[in-house]
Each structure stands twice: as structure tokens, then as C-alpha cells.
Amino acid sequence: MRIGHGFDVHKFGGEGPIILCGITIENPKGLLAHSDGDVAIHALCDAIIGAMGKGDIGHWFPDNDKQFENIDSKSLLKEVIQVLAKNFQLINADITIIAQSPKISPFVAEMKKCLALLCHCQASQINVKATTTEKLGYIGREEGIAVHAVVLIDDKN
Ligand SMILES: [Zn+2]
């Protein structure tokens with residue numbers, strides 16, 4: 001078995017909505033990014049890539065590459081899962097969204113379902129939770145959203 005960790009931050013800017021774990025959430029501000037800014041999917045991709053020992057998301061999908069401009073991050077995750085499936089299976093993933101706003105809990109069930117579909121696993125293998133920073137730091141000042149993800153994968157053989 002192998003473990004992987006991913007971390008990503010995106011800064012608020014422009015107009016909403018935002019996309020987290022593939023789910024569109026109405027928000028006055030958007031998230032600045034080369035892609036669609038799905039900071040949660042980016043952290044999850046990085047965790048899976050890390051568990052496989054294959055570098056990082058920036059190496060796989062360079063943010064100066066035109067083909068990834070405004071890309072739907074779900075397609076990035078699909079590609080990562082395709083590579084994962086060759087040698088490994090996902091045991092579980094735990095995703096922690098750190099945001100002062102918007103409120104994430106109403107979307108958690110939908111997020112789990114969306115990620116499970118993309119990862120070809122059961123929703124019970126994916127955990128999504130959210131926390132604030134008690135108004136401290138850049139998250140607390142509502143300057144952006146950070147996400148941690150950890151995954152466990154197992155060799156298919
Ligand atoms: Zn990102």
C-alpha cells in the first residue's frame with residue numbers, strides 16, 4: 001500500500017461561481033487559476049500522483065500550456081485515474097477544504113458522489129470535509145481557499 005498527500009491554494013478574484021470537487025457553488029468572487037480553479041480536485045490529483053511516486057500535477061499539466069487553459073479539472077482527474085488504474089486501485093481519499101467562505105457542508109454529499117464517479121469507486125471511499133481558520137490568516141481574510149488531500153492506494157497485483 002502507498003500513501004499520497006496533496007495540497008493546493010487558489011486566490012479569490014474576479015466573479016463567481018467557484019467549482020469545488022466538480023460542483024459549482026454560487027459565490028460573489030471566483031477563484032483565479034489557469035484552469036477552472038477546482039482547488040480540491042487539484043489537491044486530490046496531487047495526492048494520487050504522489051502516492052504513485054510520479055511527481056506532481058504541475059509537471060503533468062503545466063500551467064503555461066495553452067491546452068490546459070480554463071480546462072475542466074474533472075478531465076485532469078480522469079487522466080490521473082486512468083494512469084492509476086493501470087497498476088493500482090484507490091482504497092480511500094480524505095479531502096479537507098479550508099475556507100472561511102462559502103459554507104461547504106451543504107455540498108459535501110454531492111461532492112463525494114461526483115468524485116466517486118470520476119474515481120470509479122464508491123462514495124463511501126471518498127471523504128470530503130471542510131473547516132475554517134477561525135478568521136486567521138489568508139484563509140480567514142477570505143483571500144483564497146486551500147485544500148489538503150490524502151489518499152491510500154494499493155498495488156493491483
Ligand atoms: Zn490548483
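Predicted model: local features only at pLDDT ≥ 70, side-chain atom pairs only at ≥ 80, totals over all residues.

Q: Great. Which residues coordinate the zinc ion?
A: D8 (OD), H10 (NE2) and H42 (ND1) do, at 2.0 to 2.1 Å. Donors here are N, O and S atoms within 2.8 Å of the metal (3.2 Å for Na, K and Ca); water is not among the atoms, so sites may look incomplete.

Q: And how are the donor residues spaced in sequence?
A: The pattern is D-x1-H-x31-H. H10 in strand β1 (residues 2-15) and H42 in helix α1 (residues 39-52) are 32 residues apart, so this pair links distant parts of the chain. Helices (H or I, at least four residues) and strands (E, at least two) are DSSP runs, numbered from the N terminus.

Q: Are those two histidines, H10 and H42, buried or exposed?
A: Both H10 and H42 are buried, meaning under 20% relative accessible area, with exposed over 50% and partly exposed in between (1.4 Å probe, protein chains only).

Q: How enclosed is α1 overall?
A: Largely enclosed by the rest of the structure, because 13 of its 14 residues are buried. Just after α1, G53 takes a positive phi of about 75°.

Q: Pick a residue in α1. What does A47 touch?
A: Leaving out residues up to four places away in sequence, A47 touches G4, H5, G6, A149, V150 and V151, where contact means heavy atoms within 4.5 Å. A47 is buried, with a relative accessible area of 0%. Its C-alpha atom is 8.0 Å from that of I3, 44 residues apart along the chain.

Q: Switching topic: where is S73, and what is in contact with it?
A: S73 lies in helix α3. Beyond its neighbours within four places in sequence, S73 is in contact with S35, D36, D38, I41 and H42; H42 is also one of the zinc ligands. S73 is buried too, with a relative accessible area of 0%.

Q: Last one: which residues make the contact of α3 with α4?
A: K74, L77, K78 and I81 of α3 meet C114, L115, L118 and C119 of α4.

How values were computed: Residues numbered from 1 in each chain as written. Heavy atoms only, no water.
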